[in-house]
Amino acid sequence: MADYSLLNDMQREAVFQTEGPVLCLAGAGSGKTRMLTHRVAYLLEKGVEPYHIMAITFTNKAAGEMKERVEKLVGPGGDSLWITTFHSSCVRILRRFADRIGYENSFSIYDTDDSKSVMKDVCKRLRIDTKILKERTILSAISSAKDSLIGPEEFRSQSQGDFKLSRIAEAYVEYQKALKENNAMDFDDLIMQTVSLFRQDAEVLDHYQKRFRYIMVDEYQDTNTAQFELIRLLAEGSRNLCVVGDDDQSIYKFRGANIRNILDFEKHYPEAKVIRLEQNYRSTQNILDAANAVIANNRGRKEKSLWTKEEAGALVHFRQFDTAPEEAEFIADEIVHKGRKGGDFGDFAVLYRTNAQSRLLEERFVREGIPYKVVGGVNFYSRREIKDILAYLKTISNARDDLQVRRIINVPKRGIGATTIAKIQDYADAYGLGFYQALEDADRIPGLGKAAAKIAGFTNQITVFRTKLTVMKLSELVGDILDDTGYLSEFDNETDEEIDDRIDNIEELRNKIIAFEESNPDGTLADFLNEVALVAEIDEVDESVPRTLLMTIHSAKGLEFTHVYLAGMEDGLFPSDMTVASEDPMELEEERRLAYVGITRAKKELTITCAKARMIRGETHYNAISRFVREIPTGLLDNRVPGAGRIVSKDEDEPYDDPTERFDMFRRSPYGGNYGSGRNGSGASGGFGSGGRPKAVVRKKSTPDEVKPYLAGGGTGSFERLGISKGMPKPSGTAAGSGSTPGAKPDYGIGDRVAHIKYGEGTVTDLEPGPRDYKVTVDFDEYGTKVMYAAFAKLIRLDD
DNA sequence: CTCCTTTGTCTTTTT
DNA sequence: GACAAAGGAG
């Protein structure tokens, strides 16, 4: 029997309100998982069959934890209780009913790499010049279409008249066809195809509507349109739908998350009961105050403010360093000290905006001997050797997955090269066969010569593996694959240092398979492949090992740590330059929400760090302190810092409260220009002709008329000086390059004064031609040095 | 056909 | 700076 007295009034209300739609606005750390767990327990105690309950979470890890906690309250619920992610639920449904929408139930799931290979092929066939229209661009357009439930045909009819969109539409049609031929779905398909299954097949929909009578959705603010529709369809029968979320923590817009889903919930369900959880059980008051202050700068949010019974706690620590390596050093040093003083290394987490930032930190952590784990970055399952082995397994599992066949047909080397493959493809096309089917006909394909025998060897091997699978355990089969194909022995001849890593990875994969077999005695190969396709890196984190986690803030969503380090809090990095320069203020708001998520991960201590100089993509950037840090009231920050980290000459104990002093502190460091070593050398593009696109030529003249709109939109104080502009003498020679200069040349040169929409005024310190546009370095009066593309920067020259 | 070198692109964030 | 793709030599 679960104990509901441990819940607060609001939580209890949400738990007991089991009938009808419920919108639970749950701030960070307000115990929503506890609420959801108890809600499931309560339903079960009330006599609701586990079979009728569905709880959807964001990650497998969250699902696992919730399941565990429910079982702790009411005992094992068995497999009939669905606590899973969107993607896993859909796979489960599709594995049963995909044949009703024209797929085989053994369909493969394609990851981003797979999708890209397919798209590459599609572009080749459609003669799309991928220099102009990149596979990536097309894929992301398709992805967001799918997130909004727009199929290929609809996309096509919507894109008429727009050349670029029409091309994408064609690619979308072909891509989708190719996936179907391979009997494969990409990530977005999993949701979209499930929705279309429900829409097309009343019987299936009815089945699931009757089944899932109580539906709960966690992290509702990050659902996309397709997911919303999925849930809406399922809940239509019972209308017992409880969604839990926090609009302030919506950070997945780039992945199609539609914040309107949560903001408009009451419109869709007018009878919805709205419950707010505002008491925070995680952080100290100081940390909460900092978070509240930052998020308060966003408009268009549901007003709420978190409070806690906890005490104020320590001030938020803040340190600025000269360089990023020093920042990393500081963080590692501090964790070592605190950790050795009897702390648990598992109590620390270092969070950052971009994965690339992990490298410096990792180096430092290795040197200090801190037990750590970098979460994210390159996914385990996307490493080459792992993908190779999985390709074998997928080929065995799904006979139509030609993409995988092509991947492994010459891995390990069998002497089957590009020409042979082209001949096979021609044959397949001519006879309307799949690639693998054509392989089986190898002896009938003209002109293959000796290659035919090699191909026969390959197909025989696959056939043997398929047979073996019926009598062997999966783990044994993998062993055979590695031996029989010579995959492992091929490593023997190599002396590369990486070989050891790769062998380790393979070993780790085999361990994962064995673990899978132990926990799923009846699991099939397809089950294993599902699991593999849908794991996030965070799912794999084993918390029983005490180690410090390094990850992006995105990955940290839903987690909490006693000590949190927010690293790289610099304008240009977080918020990123792209966001700052964006026309759409919502993008900056999303970044701010991300900052909010980062801050609220901390339970006891929050340390914010940044560096004045940092290498990004091989170039040194000089960044000012993040505006999000500036939004934290001074009184909440400690700034006492001896030595290198000192950012303001102030007495030890006194936090600055003098606005002018504060302003000073955020002035940029006294660095000159950009000394990056970009290798954008010569040549590049013979033809920049690339027509149509707005290479957004820098304005030739800046008339007052053009300046005005910026003034209106911008709002940084310094803009008022735009009109007065001083202008400096122009250097006689313009920047670097000669000859092959693409793009229009800006009308400013080194030394000129210019104005930027967001950064205000500054001086051009460098200007060099890049492959497609001029790269201009500007030393802004207020924001420090920025390197940007001229077309993008839309700088306005301030004339004398 | 394979290996090695050179060149180009990139990055926010991920199920 | 890191990695994939393309190009060239054996």
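Is glutamate 236 buried, partly exposed or exposed? Glutamate 236 is partly exposed, because its relative accessible area is 39% and the class runs between buried, under 20%, and exposed, over 50% (1.4 Å probe, protein chains only). The structure is a predicted model, in which local features need pLDDT of at least 70 and side-chain atom pairs count only at pLDDT 80 or more, while totals for chains, interfaces and linings use all residues. Residues are numbered from 1 along each chain as its sequence is written, chains are lettered from A and ligands numbered from 1 in the order in which they are written, and side-chain values use heavy atoms, with hydrogens and water left out.

Glutamate 236 has a charged partner. Side chains of opposite charge can pair when their charged atoms come close. Glutamate 236 forms a salt bridge with arginine 232, with 2.7 Å between the closest N and O atoms; the term stands for a side-chain nitrogen of Lys or Arg within 4 Å of a carboxyl oxygen of Asp or Glu. Arginine 232 counts as partly exposed because its relative accessibility is 26%.

The next element to look at is helix H11, residues 225-235. Helices (H or I, at least four residues) and strands (E, at least two) are DSSP runs, numbered from the N terminus. H11 is mostly covered, with 9 of its 11 residues buried. Among them are Phe228, Glu229, Leu230 and Ile231. The N-terminal end of H11 is capped by asparagine 224, which has a side-chain oxygen 3.1 Å from the backbone nitrogen of alanine 226.

In the whole structure, a search finds 61 salt bridges. One of them joins aspartate 247 and lysine 304, with the closest N and O atoms 3.0 Å apart. This pair links distant parts of the chain, 57 residues apart: aspartate 247 is in the loop between strand E7 (241-245) and helix H12 (260-263), and lysine 304 is in the loop between helix H14 (285-295) and strand E9 (316-323). Both aspartate 247 and lysine 304 are buried.

Another salt bridge is formed by lysine 604 and glutamate 310, where the closest N and O atoms are 3.3 Å apart. Lysine 604 lies in strand E14 (residues 602-616) and glutamate 310 in the loop between H14 and E9, so this pair ties together parts 294 residues apart in sequence. Lysine 604 counts as partly exposed because its relative accessibility is 41%, and glutamate 310 counts as partly exposed because its value is 33%. Elsewhere, salt bridges link Lys32, Asp218, Glu219, Asp222 and Lys557 in a network.

Aspartate 111 sits in the loop between strand E4 (108-110) and H5. Aspartate 111 counts as buried because its relative accessible area is 19%. A polar atom of its side chain lies 3.0 Å from the backbone nitrogen of aspartate 113, and a polar contact of 2.9 Å joins the side chains of aspartate 111 and lysine 387.

Helix H5 (residues 112-126) also gives the most to a positive patch, with 3 residues. This surface patch is formed by Lys116, Lys120, Lys124, Arg136 and Arg406. For charged residues, a patch joins like charges within 9 Å, using residues with over 30% relative accessible area and no salt bridge. Arginine 406 is in helix H18 (residues 402-408) and counts as partly exposed because its relative accessibility is 32%.

A patch of negative charge on the surface gathers Glu498, Asp500, Asp501, Asp504 and Glu507. Glutamate 498 is found in helix H23 (residues 498-519), and counts as partly exposed because its relative accessibility is 47%.

How values were computed:
Patch = residues over 30% accessible without salt bridge, like charges linked within 9 Å, V, L, I, M, F, W, Y side chains within 5 Å. Areas by Shrake-Rupley, 256 points an atom, 1.4 Å probe, with all protein chains shown as cover. Lys, Arg positive; Asp, Glu negative; His and termini not counted. Charge placed at Lys NZ, Arg CZ, Asp CG, Glu CD. Polar contact = N/O pair within 3.5 Å; in protein donor to acceptor, adjacent residues only side chain to side chain.
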